[in-house]
Amino acid sequence: MEEIYNNDLKQYLIKKFNYDKLFGFDIQKHVKLFFIPKKDHIIQDTKTPEYLFYLVKGKTKLYENLENGQVALIDLFTPACFIGEIELTEKNTTPLNVQAIEDCLCLGLSFKDLKTTLLNDTVLLRNLLSYLSHKNMRNIQVAARNQSYSLAKRLASFILMTE
């Protein structure tokens with residue numbers, strides 16, 4: 001992961017995704033732009049995340065390394081979405097991994113510098129609540145489909161989604 005120091009691109013992405021409207025305070029001087037190459041980790045289960053990320057380009061996968069050595073794919077993320085929102089709001093989370101499955105761009109705000117401000121920002125908390133509600137509804141729909149459809153149909157859907 002590398003920080004990109006291109007203010008014009010950063011401002012373009014903030015405006016395009018209405019990123020600044022997700023917060024109740026001026027984020028301009030705090031937000032950073034990151035490039036994450038394919039196969040790099042955005043969040044790794046062995047490290048505490050440093051940023052609340054907002055994916056604006058690319059695709060990522062959320063997965064867990066299981067004790068038996070297998071990898072459980074939990075979710076796939078596409079723009080525009082938060083990454084690290086659970087780690088912001090919860091102290092003790094199950095360690096998970098978020099890895100880029102194609103080159104990604106993310107806007108980020110530092111937990112170290114802004115955690116208290118972020119947790120006291122009612123505009124952000126309202127937006128996170130809405131985001132998490134939609135994410136939960138989507139997960140419920142996916143679980144219902146997984147119970148209803150054959151393995152062949154689910155596999156075809158997965159291949160199309162990750163293509």
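## Burial and surface

Of the 163 residues in the chain, 34% are buried, where buried means under 20% relative accessible area, exposed means over 50%, and partly exposed lies in between, with a 1.4 Å probe and protein chains only. The chain exposes about 10,300 Å², of which carbon and sulfur atoms supply 52%, the areas coming from the Shrake-Rupley method with a 1.4 Å probe and with only the protein chains shown counting as cover for residues.

This is a predicted model, in which local features need pLDDT of at least 70 and side-chain atom pairs count only at pLDDT 80 or more, while totals for chains, interfaces and linings use all residues. Residues are numbered from 1 along each chain as its sequence is written, and side-chain values use heavy atoms, with hydrogens and water left out.

## Overall form

The chain has 5 helices and 9 strands, which follow the order β-α-β-β-β-β-β-β-α-β-β-α-α-α from the N terminus; helices (H or I, at least four residues) and strands (E, at least two) are DSSP runs, numbered from the N terminus. The chain is as compact as a globular protein of its length, because its radius of gyration is 16 Å, close to the 15 Å that the globule rule gives for 163 residues; the radius is taken over C-alpha atoms, and the rule is 2.2 Å times the number of residues to the power 0.38.

## The nonpolar core

The largest nonpolar core has 38 residues, and Tyr19 and Ile83 have the most contacts inside it; such a core is a set of buried Ala, Val, Leu, Ile, Met, Phe, Trp, Tyr and Cys residues joined through side-chain atoms within 4.5 Å. Strand β4 (residues 51-57) gives the most to this core, with 6 residues.

Beyond its neighbours within four places in sequence, Ile83 is in contact (heavy atoms within 4.5 Å) with residues including Ile42, Tyr51, Phe53, Thr60 and Val98. Thr60 belongs to strand β5 (residues 60-65) and counts as buried because its relative accessibility is 0%.

## Backbone details

Most residues other than glycine have a negative phi, and most peptide bonds are trans. Pro79 and Ala80 are joined by a cis peptide bond with omega of about -5°, and Ala80 sits in the loop between β6 (71-77) and β7 (81-83).

Asn18 has a positive phi, near 50°, and is partly exposed, with a relative accessible area of 43%. Lys39, in the loop between β2 and β3 (41-43), has a positive phi near 80° and counts as exposed at 60% relative accessibility.
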